[in-house]
Amino acid sequence: MLPRKLKNVVWLSVLTLVISAAVALASGTQAGMSADEALKSLLDGNQRYVSNQMSGQKLCDLTTRESLAKHQKPYAIILSCSDSRVPPEIIFDKGLGEIFVIRVAGNIADPAILGSIEYGAEHLGSPLIMVLGHERCGAVTAAVEAKGKPEGNLGSIIRSIAPAVKQAKKESTGKAKPEVVEMAIDDNVKLVSAALTKQSKVIRHLVAEGKVKIVAAKYDLDDGKVTLLK
């Protein structure tokens, strides 16, 4: 029989391995996670957030941080608006190492954004890309209200959203501005999602090979729910 001290050392080693494996599993570092599994994980996390039963903070502890210090393998890339009320890590109830987040006003996709998405998909191996808009988006509202030719850095954001605004105004003739804004928000998310494969050879190749899936979604500021857009 093993001496008691040796038994304790063995059990401690086993426990450490189990904890490390659990952390790796929970943080999405396991190999082979599919896009559908990644999407389910996001939506399940959002449901916990909506019902005030969040647990993601458990994956922000010292053990998790140390396990991710030298590598990362997030299972989802999220392109979202910079709005302070829509932090993906919180609304999807995620911890360290789970999601690769890119935030910019109006969730647009310029070359720098596309490069970041390419990095997450090609080099980090994330199988899911989500373009996430949100209700009453300020950037889209500004684009709807814009008059004349937008200038400067903010103008570049408005110009990127302009195609969605143009489409929404055609689809919502005679409707009030708030309705036009919400239509433009939805159209912007869909157009950005569709543009990813048009503007990036890397993303287009990964999607064509079935290695990456792109989804469009919208966050409700009032109830906290994320809904997929078709």
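So, how far does helix α2 reach from its first C-alpha to its last? Helix α2, residues 35–50, has 16 residues and reaches 23 Å, close to the 22 Å expected at 1.5 Å a residue. That expected span is 1.5 Å times one less than the number of residues in the helix.

Quick housekeeping. This is a predicted model, where local features need pLDDT of at least 70 and side-chain atom pairs count only at pLDDT 80 or more, while totals for chains, interfaces and linings use all residues. Residues are numbered from 1 along each chain as its sequence is written, and side-chain values use heavy atoms, with hydrogens and water left out.

The overall picture: the protein has 9 helices and 5 strands. Those are DSSP runs numbered from the N terminus, helices being H or I with at least four residues and strands E with at least two. Along the sequence, the pattern goes α-α-α-β-α-β-α-β-α-α-α-α-β-β. Of the 230 residues, 43% count as buried; buried is under 20% relative accessible area, exposed is over 50%, and partly exposed is in between, with a 1.4 Å probe and protein chains only.

Back to α2. Its buried residues are Ala35, Ala38, Leu39, Ser41, Leu42, Gly45 and Asn46. They cover an arc of only 155 degrees around the axis, which puts them on the same side of α2; the arc is taken from the directions from the helix axis to the C-beta atoms. Remember that an α-helix has 3.6 residues a turn, so residues three or four places apart point the same way. What do the buried residues of α2 pack against? Their partners are β1 (76–80), α4 (88–91), β2, β3 (128–134), β4 (213–219) and β5 (226–229), with contact meaning heavy atoms within 4.5 Å. Just after α2, asparagine 52 takes a positive phi of about 60 degrees.

Now the inside. The largest nonpolar core has 37 residues, and Leu79, Ile117, Ile161 and Leu196 have the most contacts inside it. A core here is a set of buried Ala, Val, Leu, Ile, Met, Phe, Trp, Tyr and Cys residues joined through side-chain atoms within 4.5 Å. Helix α8 gives the most to this core, with 7 residues. There's also a second, separate core of 20 residues, which includes Ala38, Val86, Leu128 and Leu132.

Leaving aside residues up to four places away in sequence, isoleucine 113 touches Leu79, Ile102, Val104 and Ile108.

On to aromatics: the structure holds 1 aromatic pair. Phenylalanine 100 and tyrosine 119 are tilted, at 6.0 Å centre to centre and 45 degrees between the planes. Rings of Phe, Tyr and Trp (its six-membered ring) pair if their centres lie within 6.5 Å; under 30 degrees is stacked, over 60 is edge-to-face, and the rest is tilted. Phenylalanine 100 sits in strand β2 (residues 99–103) and tyrosine 119 in α5 (residues 111–123), so the pair ties together parts 19 residues apart in sequence. Phenylalanine 100 is buried at 17% relative accessible area, whereas tyrosine 119 is partly exposed at 38%.

Last stop: β4 and β5 run antiparallel, joined by 4 bridges.

Technical notes
Two strands pair if DSSP finds at least two bridges between them.
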